[in-house]
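Colleague: I've just opened this one and would like a quick tour. Can we go through it by question and answer?

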Amino acid sequence: MNLPFFVYGTLRPGEINHDRFLRGLTAHEEPGLLRGAALYEGPGYPYAVDAPEGEVRGELVTARPEAYEELLARLDRLEEYVPGDPRNLYDRVERPVVRKTDGTAVRAWVYVAAPAVSARLRARGTRVEGGNWRGVR
C-alpha cells in the first residue's frame with residue numbers, strides 16, 4: 001500500500017526542499033497533525049521525536065500513483081535513511097496523522113529522529129514550542 005508522507009520541516013510548502021523534492025510528484029497536499037511527537041531544532045532542519053504529550057504540525061503529502069516509488073526514493077535519500085542502518089539520523093516509520101480538514105486519522109510515513117539522535121535531543125536539544133517549524137529561523 002502506498003502511504004502518504006507527513007512532512008514537517010524543509011519539505012513543507014514554501015520551504016527550501018519542497019519544490020526540489022516534491023514538485024510534480026504529488027497528487028494532494030493537506031494540513032496534518034502528528035500526535036505523540038515533539039519537534040526539536042536541528043542544524044537547519046527539525047527532528048520529530050516521540051513524546052506522548054506533544055504534537056507536530058505539518059502536511060500530509062500524497063504522491064501521484066505513478067510517482068510513488070520515485071518520491072519514496074527521493075525522500076529516503078534526502079533524509080539519508082537506509083533501512084536497518086544504525087547510523088541513520090532519521091527512521092522512516094508508519095504513524096497515524098490527523099487530517100486538519102476533517103479530523104480523521106490516516107496512516108502515513110513519517111521520518112522521525114533515530115534512537116541515538118532522539119536521546120541526544122531529549123537530553124540537551126532545543127524543543128520547538130507549539131510543534132510548528134514555520135517561523136523558527
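Colleague: Is Asp 50 buried, exposed or partly exposed?

Modeller: This is a predicted model, where local features need pLDDT of at least 70, side-chain atom pairs count only at pLDDT 80 or more, and totals for chains, interfaces and linings use all residues. Residues are numbered from 1 along each chain as its sequence is written, and side-chain values use heavy atoms, with hydrogens and water left out. Buried means under 20% relative accessible area, exposed over 50%, and partly exposed in between (1.4 Å probe, protein chains only). Asp 50 has a relative accessible area of 36%, so the label is partly exposed.

Colleague: Which side chain does Asp 50 meet in a salt bridge?

Modeller: A salt bridge here is a side-chain nitrogen of Lys or Arg within 4 Å of a carboxyl oxygen of Asp or Glu. For Asp 50, the N to O distance is 2.8 Å, and the partner is Arg 95. That pair links distant parts of the chain, 45 residues apart: Asp 50 sits in strand S3, Arg 95 in strand S4. Helices (H or I, at least four residues) and strands (E, at least two) are DSSP runs, numbered from the N terminus.

Colleague: What about Arg 12 and Glu 59, how many residues apart are they?

Modeller: Their side chains meet in a salt bridge at 2.7 Å, N to O. Arg 12 is in the loop between S1 and H1 and Glu 59 in strand S3, so you'd call these distant parts of the chain. Arg 12 counts as buried at 4% relative accessibility, and Glu 59 is buried too, at 9%.

Colleague: Why do the buried residues of H3 line one face of the helix?

Modeller: The buried residues are Val 117, Ser 118 and Leu 121. Seen down the axis of H3, they fall within a limited arc, so they line one face. The arc is that of the directions from the helix axis to the C-beta atoms. Its value is 100 degrees.

Colleague: Which residues does Ser 118 touch, leaving out those up to four places away in sequence?

Modeller: Ser 118 lies in helix H3, residues 115–124, and is buried, with a relative accessible area of 6%. A polar atom of its side chain lies 3.1 Å from the backbone oxygen of Ala 113. Counting contact as heavy atoms within 4.5 Å, Ser 118 touches Val 49 and Ala 113.

How values were computed. A polar contact is a pair of N or O atoms within 3.5 Å; within protein, one must be able to donate a hydrogen and the other to accept it, and residues adjacent in sequence count only if both atoms are side-chain atoms.
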